[in-house]
Amino acid sequence: AEIEIKRIKRDQGIYPREQTDWDRVEIYKEALEEGAVFPPVLVAAEPENLLLDGNHRINAHEQAGHEKIWIERWDIPKHYLKLVAQAANTEAGNIDTPLTGKEKKRAILQDWEDGIRDIELIATALKTTPSYVRKVLSNAGLIKSRKEQMKERAKELREQGLSVRQIAEKLTEEFIESIPK
């Protein structure tokens, strides 16, 4: 659908980027003036027309004097809005640049603070590994490190009377990640 740009709501609090890259906005504006067509911007259904991805494209359209822009509207549970904005902004493609390491770390901490406790989901959204997400959370003191978790689990298993071999098998089963295909 195409809507008026002024109907799109912007909330800097959900975007994973630290700031707008005005050089990129200028490049997009020039491309628009030469007839380029960009993908629709991504907005949430609720809150209505909340921008999730496409800040640079909207700014370029505004600077080019456009009043309308194409949107794609997604119905997303409220507690996943930031995560979806992060995932959309992590796409490596011809119109996006990857998030910086600092932006990814901030996004991981923000997701955890927002109550998202699924490390695999956070890793997938940010195109990183679960071990990196755990490292960031551990360094921030939000979770125990894998090493600490494994030590505690080994102690529990030892107290249950398991042999060293059984403990090793259990720890491998519970803590070793499968390698993504």
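Colleague: In which sense do β1 and strand β4 (residues 68-74) pair?
Modeller: In this predicted model, local features need pLDDT of at least 70 and side-chain atom pairs count only at pLDDT 80 or more, while totals for chains, interfaces and linings use all residues. Residues are numbered from 1 along each chain as its sequence is written, and side-chain values use heavy atoms, with hydrogens and water left out. Strands are DSSP runs of E of at least two residues and helices runs of H or I of at least four, numbered from the N terminus, and two strands pair if DSSP finds at least two bridges between them. E2 stands opposite W70 in β4, and over three bridges the pairing of β1 with β4 is antiparallel.

Colleague: How are α7 and α8 oriented to each other?
Modeller: Helix α7 (residues 146-159) packs with helix α8 (residues 164-175) at about 140°, their axes being 10 Å apart; axes are lines fitted to C-alpha atoms, for helices over the stretch in contact (heavy atoms within 4.5 Å), and angles run from 0 to 180 degrees between N-to-C directions. Angles under 35 degrees count as roughly parallel, over 145 as roughly antiparallel, 65 to 115 as roughly perpendicular and the rest as oblique. The two helices, α7 and α8, are therefore oblique.
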